[in-house]
Amino acid sequence: MTDKTYCNGCGKFHAEVEAMIAMTDSIFVCNECVGLLHNIAQKKEREDPVRARRREIKLEETQPNSRRPFGPARRRKPSPRLD
Ligand SMILES: [Zn+2]
């Protein structure tokens with residue numbers, strides 16, 4: 001990212017905005033446009049609770065996998081014979 005990088009939303013250069021977010025290697029969006037998009041998304045969710053719920057589920061699914069990695073199988077000591 002350089003000062004010549006510009007926002008694909010409003011066309012402002014990197015130097016003109018607070019922050020620039022890379023959507024892909026060649027598509028950038030400034031913090032102002034991201035804020036705008038965020039507002040629109042929130043408004044849409046208020047109008048459409050089903051969509052909001054779907055987003056919540058999606059966020060839950062993207063939680064890091066908390067499963068423990070497979071460790072070496074623990075061997076139990078052979079129990080003493082009773083006979
Ligand atoms: Zn912008």
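The model is a predicted one, and its 83 residues include a buried share of 4%. Along the sequence the secondary structure runs in the order β-β-α-α, which amounts to two strands and two helices in the protein.

**Overall fold**
- Among the contacts in the protein that have a separation of 6 or more, those between residues 24 or more positions apart account for 4%.
- Buried residues make up 4% of the protein, and the elements that the chain forms are two helices and two strands.

**Helix H1**
- Helix H1 covers residues 31–47, a run of 17 residues, and the distance from its first C-alpha to its last is 24 Å, which is close to the 24 Å expected at 1.5 Å a residue.
- The count of buried residues among the 17 residues of H1 is zero, and the helix is accordingly described as hardly covered.

**Phe 13 and its surroundings**
- Phe 13 lies in the segment that comes before strand E1, the strand formed by residues 20–22.
- Phe 13 counts as partly exposed because it has 14 C-beta neighbours inside 10 Å, whereas a residue would need 20 or more to be buried and 12 or fewer to be exposed.
- When residues up to four places away in sequence are left out, Phe 13 touches Asp 3, Lys 4 and Tyr 6.
- Phe 13 and Cys 30 are 17 residues apart along the chain, and their C-alpha atoms are separated by 8.6 Å.

Terms used:
Residues are numbered from 1 along each chain as its sequence is written. This is a predicted model: local features need pLDDT of at least 70, side-chain atom pairs count only at pLDDT 80 or more; totals for chains, interfaces and linings use all residues. Helices (H or I, at least four residues) and strands (E, at least two) are DSSP runs, numbered from the N terminus. Two residues are in contact if their C-beta atoms, placed from the backbone, lie within 7 Å. The expected span of a helix is 1.5 Å times one less than its number of residues.
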